[in-house]
Amino acid sequence: KADAVARLPALVGVGEKDFARPAAKRAADALAAAGAKATFREYPGVEHTVVVRAAVADVFALFDRVAGR
């Protein structure tokens with residue numbers, strides 16, 4: 001399992017005003033500590049209900065990177 005985590009690309013995106021910000025940061029830190037290629041991205045001025053919209057370009061950029069595009 002550790003090898004699988006080490007190869008896992010992960011994006012943890014959270015809004016600056018998101019109530020889940022502390023938990024998201026802990027999740028990103030835990031993934032990185034387990035060896036995952038984790039990126040933590042905080043979106044300024046964004047709250048929980050719109051973070052997906054704010055992060056969509058970064059999510060697709062991650063997909064493209066993983067696909068080798």
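Mentor: Start with D58 and R41, whose side chains meet in a salt bridge at 3.1 Å, N to O (a side-chain nitrogen of Lys or Arg within 4 Å of a carboxyl oxygen of Asp or Glu). D58 sits in helix α3 and R41 in strand β2, so the pair ties together parts that are 17 residues apart in sequence. Helices and strands here are DSSP runs, H or I of at least four residues for helices and E of at least two for strands, numbered from the N terminus. D58 counts as partly exposed at 22% relative accessibility, and R41 is partly exposed too, with a relative accessible area of 33%. For the cut-offs, buried is under 20% relative accessible area, exposed is over 50%, and partly exposed is in between, with a 1.4 Å probe and protein chains only.

Keep in mind that this is a predicted model: local features need pLDDT of at least 70, side-chain atom pairs count only at pLDDT 80 or more, and totals for chains, interfaces and linings use all residues. Residues are numbered from 1 along each chain as its sequence is written, and side-chain values use heavy atoms, with hydrogens and water left out.

Now the wider setting. The whole structure has three salt bridges. R21 is partly exposed at 36% relative accessible area, and E42 is partly exposed at 31%.

Then there's K25 with D29, a salt bridge at 3.0 Å, N to O. Both of these lie in helix α2, four residues apart, about one turn of the helix. K25 comes out partly exposed at 36%, and D29 partly exposed at 40%.

V46 is buried, with a relative accessible area of 12%. Leaving out residues up to four places away in sequence, V46 touches G15, E16, K17, D18, V51 and A54, where a contact means heavy atoms within 4.5 Å.

As for the overall layout, the chain reads α-β-α-β-α along the sequence. Of its 69 residues, 19% count as buried.
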